[in-house]
Amino acid sequence: MLANPVRIVVPAAAPRLREIADLLANVIRGRTGFTVRVRAGGPVAGAIVLDTLLADANGEAYAIVVGPKNIALHGATSAGAMWAVQTLRQLLPPAFEDQNGTRPTRWLIAGVDIHDAPRFTWRGSLVDVGRHFFPVPVIEKHIDVLSRYKMNVFHWHLTEDQGWRIQIRRYPKLTSVGAWRTEADGSRYGGFYTQRDIRDVVEFARLRGVTVVPEIEMPGHSSAALAAYPELGCTGQPIDVVTQWGVFADIYCAGNEHTFEFLTNVLDEVMALFPSRYIHIGGDEVPKERWKNCASCQDLIFRQGLANETELQSWFVRRIGEYLAMRGRRIIGWNEVLQAGLPVSTTVHAWEDTSFTRKAVLAGHDAIASPVTWTYFNRTARELTLDQAYQFEPMPPGLDSAAARHVLGGEAALWSEGITSAATLDLMAFPRMLALAEVLWSDARKDFASFRGRLDSDQLPRLRAMGVAVGPFDREIADVHIQYDSASKVARVRTDFGVPGVTLRGTTDGSVPTLASSLLVDSTPLRGEGAQRLQPFYGGVPILSERIVTLVHNKALGKSVTAAVPPQRQYPGTGAWNLTDGLAGSIDHADGLWQGWWGKDVDVVLDLESVQPFDGVRVTFLQNVRSWIVFPSNVGFYVSDDRVTWRTIPTVMQQVPANTVIPAMLHIFETAPTTGAQARFIRVVGRNAGLLPAWHSGAGSPSWLFVDEIVVR
């Protein structure tokens, strides 16, 4: 029982235990208003006793004995003592965590005798601050909740194509230039952490038993750094901090010695800020076309006796790894670093699927399991349900004991393309993070029914009392899509909210939606022309990504279209009227407004229902070469009055290359007939560009054609 006053006793000359005791004392004071005193000495009646006397080979093991006279918290080390404190907090009722709730004069704690230890040593959460930036209080809140559930690693993804977020004093343009981008609407977006911010977060985490592991991406995902210092790229040409998501061609030039001078200087400042044994260097999704066309890189390949650009990446990683090793650090890289062999001291972060964990440990590497199917919490709860997260197993089957020791544990990933606010971060992370915490701490036996029962009765109320927004188990937080009503020839907003309290608001004048903007409910019609901005809100703040829908009025609106070959089932758009529904597709090929054909031409006929005069026809195609979507080689246009005899109007050739620098782009193919043209039927034939080029990861495979909206003027 906790009652006023509270005494906490720690051994003399145990500074770390004193820190933990002070942390507990501050929590109790803040939640109860009690007087709490911490002193050094031996066990006394009526006190909370904290020590490291537990005999257990696992340094994170702890024991708790709640008896009639006192509460004993034993750790095998101070790490175990930290987790004993967190379990003690879980033994108190959820209302204890509510700082604004009632304050009883005593808090009952059940009598228990617990001896516990984790299964894995690496229990982590990655937060990507490159694509969207989160202020220090948001990061510290996330770390605090991680510690509450005995997660011990915070992986801070600090650099990306879309923003460089850590102050490096030797290179000020990394933050004055690289931390900011100009969005499509002309607004500036960005932010960064000062070195003081970093030290504060690292200390905040240390006090709570959490290690902060920084990630400085190289050699790819480096557009923001190259925007600041373009001389570090292979072309030396200026580029912008990018505003789209995806993979970009411009990467650090491996053949330029200044690249390594820059990176080692950056890492020196990073190591001074982060005491972590590990430094994550990324190494994922590295396009090689710049290296292939760079004389300096090709000369380096020749001088080092390397076979190709893949081996050049391994050489790059080895060089950085050796630099860090000389300073007592170890590198972590995403599983692409395995491609051409690495020193066994490299820790592999396996993300693509579970096979890479096995491949890494069988090659002698330590591995962290973060397979996208199970641990990418940026996916919606419908794509990755709570049950699926709970069924994750980090340990590949069939490993002998020597190989199994190389599996350090697992980690959730919260990539922030669609995580735009602190509320969204919570909603995406929880309660799935609790499922992962149990998986990584407990043995391999899974009992989801038991987990759900404990979650519903205790942990969800506890999270809410802590001020954590809790997301759904198996639904979208806010599913907002557009449906075309062919009967009334009106597009409607369709909504399905998986969290109570979510609302949708929109504007039609191009302004950013606010809480004062129009409220949109399920089946609200979209009227007018031009861009309409739709934004979900929760708790008074925007969540998830804004949806921009562009309405286009023209002669073809609502008219029927028939296709010689139907689109692929996974990309039907809004249905049979997709090309004439008045809804223009965005640069996101998964926005539900595009129809896709794989390896085939687009051949469609529009029926205007009567012979009509017209001045021009245009149709929009999408290109995202990394996603196998390529513009057509040309688009043919034909008109007819009877659908039997066809007249050709000018064909439009494709002038845009299969560009890999811009991940996604739109191109309008537009033709103008002779003056006085008229027709009832208009046929559009987009001719597939053929097989994917030799440099592409899918080289030799058919490419996709994505088309939307035939506009007749």
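A salt bridge here is a side-chain nitrogen of Lys or Arg within 4 Å of a carboxyl oxygen of Asp or Glu. Keep that in mind as you click around, and note that this is a predicted model, where local features need pLDDT of at least 70, side-chain atom pairs count only at pLDDT 80 or more, and totals for chains, interfaces and linings use all residues. Residues are numbered from 1 along each chain as its sequence is written, and side-chain values use heavy atoms, with hydrogens and water left out.

**Stop one: a buried pair**

Select Arg89 and Glu97. Their closest N and O atoms sit 3.0 Å apart, making a salt bridge. Both Arg89 and Glu97 are buried (under 20% relative accessible area; exposed is over 50%, partly exposed in between, with a 1.4 Å probe and protein chains only). In total, the structure holds 36 salt bridges.

**Stop two: along a helix**

Now jump to helix α17, residues 448-465, and show Arg452 and Asp456, which lie four residues apart in it, about one turn of the helix. (Helices are DSSP runs of H or I, at least four residues, and strands are runs of E, at least two, numbered from the N terminus.) The two side chains meet in a salt bridge, 3.2 Å from N to O. Arg452 has 28% relative accessibility, so it counts as partly exposed. Asp456 is partly exposed too, at 38%.

**Stop four: two helices side by side**

Finally, display α3 (residues 136-148) with α5 (residues 195-207). Their axes come within 10 Å and cross at roughly 15° (axes are lines fitted to C-alpha atoms, for helices over the stretch in contact, and angles run from 0 to 180 degrees between N-to-C directions). That angle makes α3 roughly parallel to α5, a label for angles under 35 degrees.

Which residues make the contact? On α3, show Val136, Ile139, Glu140, Ile143 and Asp144; on α5, show Asp197, Asp200, Val201, Phe204 and Ala205. Contact means heavy atoms within 4.5 Å. Color these residues by type and you get six nonpolar, no polar and four charged (Ala, Val, Leu, Ile, Met, Phe, Trp, Tyr, Cys and Pro are nonpolar, Asp, Glu, Lys and Arg charged, and the others, Gly among them, polar).

Notes:
Angles under 35 degrees count as roughly parallel, over 145 as roughly antiparallel, 65 to 115 as roughly perpendicular and the rest as oblique.
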